[in-house]
Amino acid sequence: MSQRIREKEIELSETDLKLLKILQENADLTYAELSKYVNLSPSTVYVRIKRLKEMGIIKRIVAEIDHRRLGFEVKALIFIEADPKKLPSVANELKKLPNIVALYDITGEYHFVAIAIARDNSDLARILDIIGSIDGVRTTKTAVVLRILKEKVSVADLIKPEIT
């Protein structure tokens with residue numbers, strides 16, 4: 001049975017969804033190992049994954065790094081209000097900062113939210129000073145992450161087969 005995702009009219013089979021879920025849990029598996037989970041030949045698994053990449057569903061397969069193990073003990077959400085006329089230039093400057101690991105254009109009273117990692121509070125203060133000095137940044141509001149309760153999304157679990 002295949003699943004049609006309405007927004008983009010992409011057709012995914014149950015096997016495709018299972019492969020996506022497995023790859024999100026462990027992208028280190030070989031095609032031979034993956035084939036055992038979905039009862040297909042390694043070459044068929046390769047073709048399916050290649051198709052998912054070509055469709056843009058799999059953007060890239062990367063290593064998930066534990067920042068804390070590398071000494072980045074602080075994670076913060078930084079809400080940024082900017083001069084509306086300077087939004088593109090502010091966004092470009094924010095994207096250049098290596099400590100910002102994610103940047104989102106959002107609705108509400110702030111224009112952006114950045115997810116930043118820092119070695120400690122002093123390092124976070126340095127990052128906030130840099131952000132505050134960017135031409136066009138009006139204000140920031142920072143929330144430090146105390147505990148990570150959930151950080152992963154298994155997309156395959158979100159897509160349920162349509163009942164016809």
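Student: Which residue follows α2, and is its phi positive or negative?

Tutor: α2 is followed by Asn39, whose phi is positive, near 55°. Helix and strand labels are DSSP runs (helices H or I, at least four residues; strands E, at least two), numbered from the N terminus. The model is predicted: local features need pLDDT of at least 70 and side-chain atom pairs count only at pLDDT 80 or more, while totals for chains, interfaces and linings use all residues. Residues are numbered from 1 along each chain as its sequence is written, and side-chain values use heavy atoms, with hydrogens and water left out.

Student: Which residues of α2 are buried?

Tutor: In α2, residues 31–38, the buried ones are Leu34, Ser35 and Val38. They lie on the same side of α2, because they cover an arc of only 105° around the axis; the arc is taken from the directions from the helix axis to the C-beta atoms.

Student: What covers those buried residues?

Tutor: Cover is judged by contact, meaning heavy atoms within 4.5 Å. For the buried residues of α2, the cover includes α1 (14–25) and α3 (42–54).

Student: Which residues make the nonpolar surface patch?

Tutor: A patch is built from residues with over 30% relative accessible area and no salt bridge; like charges are joined within 9 Å, and nonpolar side chains (Val, Leu, Ile, Met, Phe, Trp, Tyr) within 5 Å. Areas come from the Shrake-Rupley method with a 1.4 Å probe, and for residues only the protein chains shown count as cover. Here Tyr31, Tyr46 and Val47 make a patch of about 280 Å². Tyr31 belongs to helix α2 and counts as partly exposed at 33%.

Student: How many salt bridges does the whole structure have?

Tutor: The criterion is a side-chain nitrogen of Lys or Arg within 4 Å of a carboxyl oxygen of Asp or Glu. The search finds 9. One of them joins the side chains of Asp16 and Arg48, at 2.9 Å from N to O. Asp16 is in α1 and Arg48 in α3, so this pair ties together parts 32 residues apart in sequence. Asp16 is buried at 1%, whereas Arg48 is partly exposed at 23%.

Student: Where do Lys50 and Glu54 lie?

Tutor: Both are in helix α3, 4 residues apart, about one turn of the helix. Lys50 is partly exposed, at 41%, and Glu54 is exposed, at 60%.

Student: Which residue forms a salt bridge with Lys86?

Tutor: Asp135, with the closest N and O atoms 3.1 Å apart. This pair links distant parts of the chain, 49 residues apart: Asp135 is in the loop between α5 (121–132) and β6, and Lys86 in the loop between β3 (74–82) and α4 (87–96). Asp135 is exposed at 55%; Lys86 is partly exposed at 27%. Elsewhere, salt bridges with shared partners join Asp16, Arg48 and Arg51 into one network.

Terms used:
Buried means under 20% relative accessible area, exposed over 50%, partly exposed in between (1.4 Å probe, protein chains only).
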